[in-house]
Amino acid sequence: MTRRLSIAIIGAGMGGLASAAALRRVGIDVTVYEQASQFARLGAGIQIGCNAMKVLRGLGLEQRLRSQSFYPRSWNNRDWKTGEVKFEMIFGESAEQKFGAPYLLAHRGDLHAALASAVPDECVKLNHKLVGLDEISDGVRLSFANGETAIADAVIGADGIHSVVRDILFDTSPVHFTGRIAYRTTYPASLLGGQKIDDCTKWWGEDRHIVIYYVKPDRSEIYLVTSQPEPEFRIESWSAKGDVRELRKAFSGFDRQVEQVLAACPDVHKWAIVDRNALERWGEGNVTLLGDACHPMTPYMAQGAAMAIEDAAVLSRCLDGVERDGVPNAFRRFEATRKARTARVQQTSRTNTWLSGKTDTDWVYGYDAWTEPLAA
């Protein structure tokens, strides 16, 4: 009887956990190695596009996410001062019928917990920071900062924009600080004192914007995230605190709804927005990259996690039924299938013009990673 393929996944973020769940569906043994000692519930929202929801449905997570997330009528784009509608992307039932899955607004922690629930606890090893990879006759040997080693038939680097796997494989340039920063937070909607907000709105300013939406089905929690220039700030940490007074000052004069949300905001986090170019090659031998490790996304299309989740589904299809000696070809097929799409999303997001006017969204939300033709 043929031995099951074993794959080590580096990183237990959205892409890593989605990959683990998708690969287990096709009979592959997976172990996920995560450098953190525990999962943290960050105060952040996330937009789960129809394209990502189709993958999550295939992983058996749709009902859980529907019950925990907000189902918006639309994503409205408005002028910062006048409130004039620049473009309204209608979601709800009409988009669900058109694109084949719902568009949901969620707490990032809820999506991460849902993905974690699809992977048995014994498959996830926390406190394992990768420090080395070596191709050996039996596969790939992994070395970790805690002194442990492991051997797998293949390795997937799903470890984000600062990927250790990428840095081991390739000589790549450092991240590019864009000169822009973002504030973000979630807080109880009760702090608004009965004031209502739109389902999901992006307020477009001349050199900055703010996105505000609900993340719970009962509208009990809201999320805000901004982008604005601040060239000297270079802290990327998701836990770094910002000054809410500076945030309010930065958006003074914006529409009344924005000022009400910021006036009620108790505290915020702040991080520098970074970027880096996609890689020419995503893998080497029995090692490949996935998600932000090979095609990092700026946040302006709300598609970063979605691209990694799509990657997971396509990669599982490429590896379905493959034995160890066929893994390098499967990895190349995965890259060839995904590269044009991820490059287009990356470039479109980088311009920060998505939905700022009449926009063709079909190519983004209509994509189905389970049925998209695989490269030859």
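Which residues does methionine 89 touch, not counting residues up to four places away in sequence? Methionine 89 touches Arg73, Ser74, Trp75, Phe99, Leu355, Thr361 and Tyr365, where contact means heavy atoms within 4.5 Å. Welcome to this predicted model, in which local features need pLDDT of at least 70, side-chain atom pairs count only at pLDDT 80 or more, and totals for chains, interfaces and linings use all residues. Residues are numbered from 1 along each chain as its sequence is written, and side-chain values use heavy atoms, with hydrogens and water left out.

**Methionine 89 and its strand**

- Methionine 89 lies in strand E5 (residues 85-90); helices (H or I, at least four residues) and strands (E, at least two) are DSSP runs, numbered from the N terminus.
- With a relative accessibility of 8%, methionine 89 counts as buried; buried means under 20% relative accessible area, exposed over 50%, and partly exposed in between (1.4 Å probe, protein chains only).
- Serine 74 is 15 residues from methionine 89 along the chain, and their C-alpha atoms are separated by 5.4 Å.
- Valine 85 is also found in strand E5, and this residue is partly exposed, at 40% relative accessible area.
- Leaving aside neighbours within four places in sequence, valine 85 is in contact with Asn76, Asn77 and Arg78.
- Glutamate 280 is 195 residues from valine 85 in sequence, and the two are 39 Å apart in space, C-alpha to C-alpha.

**The nonpolar core**

- The largest nonpolar core has 128 residues, and those with the most contacts inside it are Ile48, Leu142, Leu319 and Tyr365.
- Helix H9 (residues 304-319) gives the most to this core, with 11 residues.
- A nonpolar core here is a set of buried Ala, Val, Leu, Ile, Met, Phe, Trp, Tyr and Cys residues joined through side-chain atoms within 4.5 Å.
- In soluble globular proteins, nonpolar side chains tend to be buried together.
- Not counting residues up to four places away in sequence, isoleucine 48 touches Met53, Leu56, Leu65, Pro102, Tyr103, Leu104, Ala106 and Leu111.

**Helix H1 beside helix H9**

- The axes of helix H1 (residues 14-25) and H9 come within 8 Å and cross at roughly 25°; axes are lines fitted to C-alpha atoms, for helices over the stretch in contact, and angles run from 0 to 180 degrees between N-to-C directions.
- That angle makes H1 roughly parallel to H9; angles under 35 degrees count as roughly parallel, over 145 as roughly antiparallel, 65 to 115 as roughly perpendicular and the rest as oblique.
- The residues making the contact are Met14, Gly15, Ala18, Ser19, Ala22 and Leu23 of H1, together with Ala305, Ala308, Ile309, Ala312, Ser316 and Leu319 of H9.
- By class, the contact of H1 with H9 has 9 nonpolar, 3 polar and no charged residues; Ala, Val, Leu, Ile, Met, Phe, Trp, Tyr, Cys and Pro count as nonpolar, Asp, Glu, Lys and Arg as charged, and the others, Gly among them, as polar.

**Helix H2 beside helix H9**

- Helix H2 (residues 50-58) and H9 have axes that come within 9 Å and cross at roughly 40°.
- That makes H2 oblique to H9.
- On the H2 side, Asn51, Ala52, Val55 and Leu56 meet Ala306, Met307, Ile309, Glu310 and Ala313 in H9.
- The contact of H2 with H9 divides into 7 nonpolar, 1 polar and 1 charged residues.

**Helix H1 beside helix H5**

- H1 and helix H5 (residues 108-117) pack at an angle of about 25°, with their axes 9 Å apart.
- H1 and H5 are therefore roughly parallel to each other.
- Met14, Leu17 and Ala18 of H1 make the contact with Arg108, Leu111, His112, Leu115 and Ala116 of H5.

**A closer look at alanine 20**

- Alanine 20 is found in helix H1 and is buried, with a relative accessible area of 0%.
- Leaving aside neighbours within four places in sequence, alanine 20 is in contact with Ile9, Val30, Val32 and Val119.

**Positive phi in two loops**

- Alanine 302 has a positive phi of about 55° although it is not a glycine, and its place is in the loop between strand E19 (287-289) and H9.
- Asparagine 352, which is not a glycine either, has a positive phi of about 50°.
- The loop that holds asparagine 352 runs between helix H10 (327-350) and helix H11 (362-365).
- Asparagine 352 is buried, with a relative accessible area of 17%.
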